[in-house]
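Biologist: Please take a close look at one helix pair for me. Then place it among the chain contacts.

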Amino acid sequence: MSALLELERCTKVYRVGSFGTRRLTAVSDVSFDVRAGEVVSLIGESGSGKSTIGRMILRLSPVTSGTIRFKGDDVSTYSDHRLKGYYRHAQGVFQDPFSSYNPVYKADRVLELVKIAYFPHVDRATWRSKIEASLEAVSLDPGQVLHKFPHQLSGGQLQRLLVARALLLDLEFLVADEIISMLDASTRIDVLNLLGALKARGLGILFITHDLSLGNYISDRTLILRRGAVVESGPTSEVFGDPRHPYTRSLLAAVPHLHQKWGNDTSYGFDSEQVPTALVPVGPDHLARVAV
Amino acid sequence: MSLDVSGLKMYYRTVRGDVRAVDDVTFSIADGEIMGVAGESGCGKSSLGNSLVYLAGRMKYVGGTVELDGAPLPIWDFEAMNQYRFSRVSVIPQYAMSALNPTRRVGRMLEELLKSRGFDYGSLQPELLRRLELVGLDAEVLRLYPIELSGGMKQRTVMVISTLLDPSLLIADEITSALDVSTQKAVAKMLVEFRDRGFVKSMAVITHDISILYQVADTILVMYGGQLAEKASAAEIIEAPRHPYTKLLISSLPEIGVRYETKKLHGIPGTPPALLDPPEGCRFRDRCPLASEACRRTPPFREVAAGHHVACWRVAA
Amino acid sequence: MIPGISKKGEGADSALRETVYFALHNRKLVVGLGITLFMLLFALVGPLFAQHPPLEYGGHLSVAPTTKDGYWFGTTLLGQDVYAQFVNGLRLAFVVGAIGGGIAALVGMVVGFTAGYRGGVVDEILNMLTNVVLVIPTFALLLVIAAYLKVRGVMTESIFIGLTSWPWAARALRAQTFSLTSRDFIGLARLSGERSSRIIFTEIAPNMSSYLFMMFILLFGGAILIAATLDFIGLGPSNTISLGMMMQLSVQNAALQLHLWWWFLPPGLAMMAIVGSLYVMNVGLDEVFNPRLRSM
């Protein structure tokens, strides 16, 4: 299966300080791919650069160096006009549902914006049935979510509405950036199951999160990101079952489990500054940045 | 020490009426107990924690009693509470990391804080340094500005400051939410250590993350819609919950090892009730698969087994 | 954050109703608005009652306010009708405020929005431009301009004020735009194929509507004050008479020493009333728009 989305040696460097004299490397030489019909989770803590990668893929942030290929075409240099075509197939949903909607307008305006840009000549009736089909695909009741303001809907409904919006297009690839971290525990899992349903429809999904349990639940492959670089990658069962990089191990050791108490080590997290080595294969399709 | 809360009611005043955030809440925390308060957004857990220390803005005390070590705690009286705050009851607020004054060096801020309470910074400094070292912070931290500290460092600093005077009751409000998973573990374990060393007698740890509570709390209190649903030991809440809400909530939590293909989890359909005009009776009624006519009357929060309280008509004693 | 309350609610209607409710009950807003509207009415209707042209030398020198000959506010040392001058100046004040304030608001918005939205190099350049205009000595510039223009009208003065007082508005709007641009709905608008210019006007500006409104009021009042200052030192319009110029002439002609209080008191009080009430109105509006400032 050829890759739907491919990142090759992507780097993002910010210029900070007065007159932009200092450099801050947010993402360093990251390469991976996402195939159709699979969920890849990108796991990292704050400051790891995971959201930056999501934004680069969606071209909301320019790439400093490297290429991003969607179905073979390099989108990292696309102009505004060609980007519109790209967005027909690749969309994103972000962390804060209340920040994703302009509070001045009604929530379903996000659907209207899609119509204006991509379906200007479709008549009302056809559009209405298209919306209803989309809403049904995400288990939303049109009567409950249309014509309402964002503050009148719950976080879960708002996130689903964003997925419905993406489904109005010919969606093939979705970037889900911490989409459930601001939702309540009882509604989280339903939105996450939605990603599973989308995967079954053939979508490729990049699931960005800091929560290992969620990544483990939904994804087929996992990448562990630390300070802008991938430290381990491979099938989820491999990375979680047989973690090779010390950072991955420390992350897994720190996760609070529900039926098992933490061990008794008193370390305050993974601090060691190891010399970055290259990613080497440690198993079939399993790479880790460890010494050979 | 012990905390006894009985029939506590705290509402928020708004133009449209009263938001019944804490509605007739009764529970106790024993000496040395770490009680977790779990629930989703809008359940009133933060309001409950806040009300025991400081009635902010629009909160108003409506009724009920609070007793700390047998003596009543005058939570409705801001002035009277001054002598209890920080010394007997202390709080680590939500977003404690933003609670440090950005224009003051940490040490200077602490000095001013203690002075305002009538305590001498000099005499407390040795203990302060000892505790900072305990949580893995250098004495250097006192000379830094808050912006120079990382999230975890700020959280630990605030924890030390809040417990400096050895309060009887510590209320920790979502102190692990904004932290990375490794720092979360360190901070959560620190809470237990504070209790074990006697810096704090009892704690109420408020969070939406039940798995953290399982790791550090002795008991867990589950709140829903401004009312109490269940209270039991942490192990029982996770392994043998009795309230329908708790059961559904626990079963919706993904754990490492549980995968979508093999075991699809389910959430709870619907949303929590608006507390402005809450439904009468059990507030979980609309989402509960076991709801019946009897649920139109508010079920009492009673003990159905040793140390296990539940508010549900369908749970037999 | 009050728990459990944001779910129910009737949306924009109730938000609007709530705003109107607070607006009508806010004393500062009501009083400020009342005074401003009264002065505006006076400016519109007043000139109809003037019986003499403002600059005409009527012959009756230094007459105290009287009903005779329609000299409601008396005459100046040179025999001009103070009332006529007053209502003329009042009108001019509103014109300067509207045009000067309007131009400043427009330029400030364009510069502020663009700098805040684009960031990067564009922001640096616009910042430099803003700073340059900010430090231009306006008096010196106006003196140079005055030396070149034979006749200066109110329009010239208004345009000049507009083009030199926008920097602080641009700065404030840039800061606000920065914070809004980082919100996810802007990213979503871009993902929906919206063009940048459309995004600024349909996504960002409506979120700042209350801020823009208040900013315009401040620029309006500020323009009037600047005009009064310029008039007072003799750099006002050369073909008409304004409130500031009345003050200037009265001082030049020793009105204070000659006890001709009717010459300088009306224009001084009028300017104080207009600008003061505008600022008070602004404080009231801030309370209405910002729920946290409301005393409940």
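Modeller: Start with chain C. Helix α2 (residues 27-45) of chain C packs with helix α3 (residues 82-118) of chain C at an angle of about 120 degrees, and their axes are 8 Å apart. Axes here are lines fitted to C-alpha atoms, for helices over the stretch in contact, and angles run from 0 to 180 degrees between N-to-C directions. Helices are DSSP runs of H or I with at least four residues, strands are runs of E with at least two, and both are numbered from the N terminus.

This is a predicted model: local features need pLDDT of at least 70, side-chain atom pairs count only at pLDDT 80 or more, and totals for chains, interfaces and linings use all residues. Residues are numbered from 1 along each chain as its sequence is written, while chains are lettered from A and ligands numbered from 1 in the order in which they are written.

Back to the pair. α2(C) and α3(C) are therefore oblique to each other (under 35 degrees counts as roughly parallel, over 145 as roughly antiparallel, 65 to 115 as roughly perpendicular and the rest as oblique). α2(C) passes α3(C) in a left-handed crossing (the near helix is turned anticlockwise from the far one by less than a right angle; clockwise would be right-handed). From α2(C), the contact uses C:M39, C:L40, C:F42 and C:A43. α3(C) answers with C:V87, C:L90, C:R91 and C:F94. Contact means C-beta atoms, placed from the backbone, within 7 Å. By class, the contact of α2(C) with α3(C) has 7 nonpolar residues, no polar ones and 1 charged (Ala, Val, Leu, Ile, Met, Phe, Trp, Tyr, Cys and Pro count as nonpolar, Asp, Glu, Lys and Arg as charged, and the others, Gly among them, as polar).

Now the partner of chain C. The contact between chains A and C takes 24 residues from chain A and 19 residues from chain C. On the chain A side, α2 (80-87), β6 (90-93) and α3 (109-118) of chain A each give two or more residues. α3(A) gives the most, with 5 residues. That side divides into 13 nonpolar, 8 polar and 3 charged residues.

Last, chain B. Strand β1 (residues 3-14) of chain B pairs with strand β2 (residues 17-29) of chain B in the antiparallel sense over 9 bridges; pairing requires at least two bridges found by DSSP. B:L3 stands opposite B:I29 in β2(B). The two strands form a hairpin with 2 residues between them.

Definitions and conventions: Two residues are in contact if their C-beta atoms, placed from the backbone, lie within 7 Å.
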